[in-house]
Amino acid sequence: MLQYQTVPVTPFAQNCSIVWCSSTLKAAVIDPGGELDKLLKVVEQKGLQLEQIWLTHAHIDHAGGTAALAEQLKLPIIGPHTGDQFWIDRLAEQSRMFNFPESKPFTPTRWLNDGDTVQIGECTLQVRHCPGHTPGHVVFYSEDAKRAFVGDVLFAGSIGRTDFPGGDHDTLIDSIRQRLWPMGNDTVFIPGHGPESNFGEERRRNPYVRDLQF
Ligand SMILES: [Zn+2]
Ligand SMILES: [Zn+2]
């Protein structure tokens, strides 16, 4: 069974999630944007074996700590989709622009595509390519746990920004409707910032994407 703990990191309070398989205690970290000590403390407290880094997209608050963590623990970097290569190349520039600790680019061990799966211990999650906030944004979906880790695609009551280079509003709305809604109204999503919600709630109340009657 998949379990997770969300740890807000960086001045942007980015929801880094540590996910693990409860029968093997093997873990992956989704979007280690920074504050690696804080993340590793949770890993240690829970007795987990951290084996992989998974990335939704390459904005600094999500990917800023990736190179350092991968180097320190010799971890493979899984994701995002190749569409975010230019954001990875710009990590040092992003860290200076937002006053983050110096961040280094990296080469993902494995790029992800729509329909791929990722595995940690006995847990398998599906990968969906959800461009719009960034061109190479992916989300991770556990059908068994009914949980989706959606980065900056969708928030409780809002959607990701599309005014950065490579962003596109209509593409983002299509990603949400075509790739997230089919996961089911009762699926809970963990956004990159702010509280959790479920897709049914957003289909009823989120002003950007609602389509269900009350
Ligand atoms: Zn972002
Ligand atoms: Zn973000």
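1. Five strands make up an open sheet, in the order S1-S2-S3-S4-S5, with mixed pairing. Strands here are DSSP runs of E with at least two residues, helices are runs of H or I with at least four, and both are numbered from the N terminus. Two strands pair if DSSP finds at least two bridges between them. S1 and S5 are the edge strands, each pairing on one side only. Please keep in mind that this is a predicted model, in which local features need pLDDT of at least 70 and side-chain atom pairs count only at pLDDT 80 or more, while totals for chains, interfaces and linings use all residues. Residues are numbered from 1 along each chain as its sequence is written, and chains are lettered from A and ligands numbered from 1 in the order in which they are written.

2. Tryptophan 20 has alanine 27 in S3 as its bridge partner. Helix H1 packs on the sheet and touches S1, S2, S3 and S4. The direction of H1 makes about 155° with that of S1; such axes are lines fitted to C-alpha atoms, for helices over the stretch in contact, and the angles run from 0 to 180 degrees between N-to-C directions.

3. Which residues of helix H3 (residues 66-73) are buried? They are Thr66, Leu69 and Ala70, where buried means that 20 or more other C-beta atoms lie within 10 Å of the residue's own, exposed means 12 or fewer, and partly exposed is in between, with C-beta atoms placed from the backbone. Seen down the axis of H3, the buried residues fall within an arc of 100°, so they line one face of the helix; the arc is that of the directions from the helix axis to the C-beta atoms. Glu71 and Gln72, on the other side of H3, are exposed.

4. The buried residues of H3 pack against helix H1 (36-45), strand S4 (49-54), helix H2 (60-63) and S5. Just after H3 comes lysine 74, with a positive phi of about 55°.

5. Now turn to the other sheet. Six strands form an open sheet in the order S6-S7-S8-S9-S12-S13, again with mixed pairing. Strand S6 (117-120) and strand S13 (197-198) are at its edges with a single partner strand each, so one side of each has no neighbour in the sheet. Strand S7 (residues 123-129) pairs with S8 in the antiparallel sense, over four bridges. Valine 127 stands opposite phenylalanine 140 in S8.

6. Phenylalanine 140 turns up again in the core. The largest nonpolar core holds 53 residues, and those with the most contacts inside it are Ile53, Val139, Phe140, Ala148 and Val150. A nonpolar core is a set of buried Ala, Val, Leu, Ile, Met, Phe, Trp, Tyr and Cys residues joined through C-beta atoms within 7 Å. Strand S2 (residues 14-21) gives the most to this core, with five residues. Apart from neighbours within four places in sequence, alanine 148 is in contact (C-beta atoms, placed from the backbone, within 7 Å) with Val139, Phe140, Tyr141, Leu180, Met183, Thr187 and Phe189.

7. Do look at the cis peptide bond between glycine 79 and proline 80, where omega is about -5°. Proline 80 is in the loop between strand S5 (77-78) and helix H4 (85-89). Is glycine 79 buried or exposed? Glycine 79 is buried, because 30 other C-beta atoms lie within 10 Å. The C-alpha atoms of glycine 79 and tryptophan 111 are separated by 4.6 Å, although these residues are 32 residues apart along the chain. Leaving aside neighbours within four places in sequence, the contacts of glycine 79 are Trp54, Leu55, Pro108, Leu112 and Val138.

8. Alanine 13 is not a glycine, yet has a positive phi of about 45°. Alanine 13 sits in the loop between strand S1 (2-9) and S2, and is exposed, because 12 other C-beta atoms lie within 10 Å. Lysine 146 has a positive phi too, near 55°, and lies in the loop between strand S8 (138-142) and strand S9 (147-151). Lysine 146 is partly exposed, with 16 other C-beta atoms within 10 Å.

How values were computed
Two residues are in contact if their C-beta atoms, placed from the backbone, lie within 7 Å.
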